[in-house]
Amino acid sequence: MRREIADIERELMLIGRYKELVAADRPEERTLERSSYILLSRLEAEGPLSIGQLARAFGLDTSTVNRQTAVLLRAGLAERIPDPDGGTARKLRVTEEGLRRARAERDCRLRGLAKVLADWTEEELESFAGGLAHFNASIEH
C-alpha cells in the first residue's frame with residue numbers, strides 16, 4: 001500500500017475522533033443524531049426524495065434508510081408527500097422543525113470547526129475545502 005494512502009487513512013481516523021470529541025464537548029448544543037443530520041441535510045439541499053433515492057445517494061440498503069427516516073417522521077422532522085413530479089413513490093420532505101434543528105446542528109458544527117481552523121489562511125482553507133469536495137465526489141461516483 002502506498003504511504004500516502006496510509007497517511008490519508010490515519011488522518012481520516014483522526015478527523016472521526018475529532019468529530020466525537022466536539023460532540024461530547026457541548027452535548028447541550030447537539031440537536032440531532034448523526035444519521036438524522038445527514039439525511040435532513042440531503043433533503044434540505046436537494047428537495048423531496050424517495051427512500052430509494054436516499055438509499056442510492058448514500059449507498060445504503062433501503063431497509064436501513066427506511067429505519068433512519070422513520071426516526072425523522074416520528075419526531076416531526078420530515079413528512080411524506082406525494083411525488084411533486086407525479087411519480088408513484090411518496091417522497092420525504094423536511095418540515096420547518098426539521099430545518100430549524102438541522103440549521104442549529106450545522107451552526108454548532110460550524111462553531112467547532114471555526115475554533116479549530118481559526119489560524120488557517122484563506123488559501124489553506126480553500127485548498128482543504130477543495131480537496132475534501134474532490135474526495136467526497138470520488139466516493140459518490
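The structure holds 11 salt bridges, a salt bridge being a side-chain nitrogen of Lys or Arg within 4 Å of a carboxyl oxygen of Asp or Glu. The model is a predicted one, in which local features need pLDDT of at least 70, side-chain atom pairs count only at pLDDT 80 or more, and totals for chains, interfaces and linings use all residues. Residues are numbered from 1 along each chain as its sequence is written, and side-chain values use heavy atoms, with hydrogens and water left out.

Arg-2, Arg-3, Glu-4 and Asp-7 are linked in a network of salt bridges. Arg-2 is exposed, with a relative accessible area of 57%, and Arg-3 is exposed at 55%. Glu-4 is partly exposed, at 35%. In these terms, buried means under 20% relative accessible area, exposed over 50%, and partly exposed in between (1.4 Å probe, protein chains only).

Another salt bridge joins Arg-109 to Glu-105, with 3.1 Å between the closest N and O atoms. Both residues lie in helix H5 (residues 96–116), four residues apart, which is about one turn of the helix. Arg-109 is partly exposed, with a relative accessible area of 25%, whereas Glu-105 is buried at 0%.

The secondary structure of the chain comes to six helices and two strands. Helices (H or I, at least four residues) and strands (E, at least two) are DSSP runs, numbered from the N terminus. In order from the N terminus, the elements run α-α-α-α-β-β-α-α. The C-alpha trace spans about 50 × 40 × 25 Å along its principal axes. Of the 141 residues of the chain, 24% count as buried. The chain exposes about 9,700 Å², and carbon and sulfur atoms supply 55% of this area. Accessible areas come from the Shrake-Rupley method with a 1.4 Å probe; for residues, only the protein chains shown count as cover. Among contacts between residues at least 6 apart in sequence, 51% join residues at least 24 apart, contact meaning heavy atoms within 4.5 Å.

The axes of helix H2 (residues 34–46) and helix H3 (residues 51–58) come within 12 Å and cross at roughly 110°. H2 and H3 are therefore roughly perpendicular to each other. The contact is made by Ile-38, Leu-39, Arg-42 and Leu-43 of H2 together with Leu-54, Ala-57 and Phe-58 of H3. Axes are lines fitted to C-alpha atoms, for helices over the stretch in contact, and angles run from 0 to 180 degrees between N-to-C directions. Angles under 35 degrees count as roughly parallel, over 145 as roughly antiparallel, 65 to 115 as roughly perpendicular and the rest as oblique.

Ala-57 lies in helix H3 and is partly exposed, with a relative accessible area of 21%. When residues up to four places away in sequence are not counted, Ala-57 touches Arg-42 and Glu-140. Ala-57 and Glu-140 are 83 residues apart along the chain, and their C-alpha atoms are separated by 7.4 Å.

Thr-69 has its place in helix H4 (residues 62–74) and counts as buried, at 1% relative accessibility. Leaving out residues up to four places away in sequence, Thr-69 touches Leu-39, Ile-51, Leu-54 and Leu-92.

Gly-87 is found in the loop between strand S1 (78–81) and strand S2 (91–94). At 38% relative accessibility, Gly-87 counts as partly exposed. Between Gly-87 and Leu-117 there are 30 residues of sequence separation and 44 Å in space, C-alpha to C-alpha.

A nonpolar patch on the surface is formed by Met-1, Ile-5, Ile-8, Leu-12, Ile-15, Trp-120, Phe-128, Leu-132, Phe-135 and Ile-139, with about 950 Å² of accessible area together. The elements giving two or more residues to the patch are helix H1 (3–25) and helix H6 (122–140). Patches are made of residues with over 30% relative accessible area and no salt bridge; like charges are joined within 9 Å, and nonpolar side chains (Val, Leu, Ile, Met, Phe, Trp, Tyr) within 5 Å. Leu-132 is placed in helix H6 and counts as partly exposed, at 32% relative accessibility.
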